[in-house]
Amino acid sequence: MTFKRYVPLQEFNCITRDFTDHIKLRPLTAPVDMGIRSLRFKVAELLAALVDPATCEPEKGWIRGVVVHLGLDPSDRFDVAIQFVCLVPTEEEDTYTYTVPENYYTVGTDKLIAATDTLEDWLDDRGDRYMANMVVRRTDGPDWSAFNAEVDVRSVVFPYEGCLQQLIADNDMGNGDLMELKCMSEPTHWSAEEDPISQEGFHHSVVWLGAEEELDDDTYTQPFLHKAADMGVTIPPGSAAAGVVLRTTGLPRRPGC
């Protein structure tokens, strides 16, 4: 995950550029760019879709979460299925589990749409297309690898309280303002002991921002002001029940990022 939950402009430029450089589509011998379309929807639609806070038992430390599943549409453009869950703390610090609901939402043209089928239907179609066609350059070397179900990402979990909620509040976003999801990539490990720095474990994820917000690198009292939001808790297939670790700080920012 990025250094903080909030992402300033320079770091945003790095992680979105790394997506272009490290995440593509087959063939392995000559990968092609993944198609991208606008993934935007109104703040009001996000708020309406969130789990009722009363059902998440906040007195027990439960928080609301948003799960973004990664997929490809029939035109090989990046697509998402979005679910809204309760994140239940475990005995391990900063670790939560959640139950995967059957219902989900898709993103239309500037709107969030409740799906009429189940998440399994979506995963069997657009999720499987993603796994069959996505390729990743895991280091700064030239080699590309196919999707590996043991380590590669099929969904990303974000906390609402303390992350997306703060992004909305700090940027004074109203119900009619648009949230946007952007593709990103970053390494799981890097070392500055070599020049250029050594990086490995690149993976696909997404970052949130206000669609009309201009990002910058300035520091404000409100940490998410003119920033994007990232939690980076990426989940390989089938591992949601094992618990997700929602830390507030990730790897230190890389030189130049």
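This is a predicted model: local features need pLDDT of at least 70, side-chain atom pairs count only at pLDDT 80 or more; totals for chains, interfaces and linings use all residues.

Visitor: Which residue does Arg-77 meet in a salt bridge?

Guide: Asp-73: the two side chains come together with N and O 2.8 Å apart. Asp-73 has a relative accessible area of 2%, and buried means under 20%, so Asp-73 is buried.

Visitor: How many salt bridges are there in the whole structure?

Guide: A search turns up 15. Another one pairs Lys-60 with Glu-57, at 2.7 Å from N to O.

Visitor: Is Lys-60 buried or exposed?

Guide: Exposed, because its relative accessibility is 52% and the cut-off for exposed is over 50%.

Visitor: Where in the chain do the partners Glu-212 and Arg-40 sit?

Guide: First, the contact itself: Glu-212 forms a salt bridge with Arg-40, and their closest N and O atoms are 3.8 Å apart. This pair links distant parts of the chain, 172 residues apart. Glu-212 lies in the loop between strands S15 (203-210) and S16 (228-229), while Arg-40 is in strand S3 (residues 40-42).

Visitor: And how exposed are Glu-212 and Arg-40?

Guide: Glu-212 has 65% relative accessibility, so it counts as exposed. Arg-40, at 22%, counts as partly exposed.

Definitions and conventions. Residues are numbered from 1 along each chain as its sequence is written. Side-chain values use heavy atoms; hydrogens and water are left out. A salt bridge is a side-chain nitrogen of Lys or Arg within 4 Å of a carboxyl oxygen of Asp or Glu. Helices (H or I, at least four residues) and strands (E, at least two) are DSSP runs, numbered from the N terminus. Buried means under 20% relative accessible area, exposed over 50%, partly exposed in between (1.4 Å probe, protein chains only).
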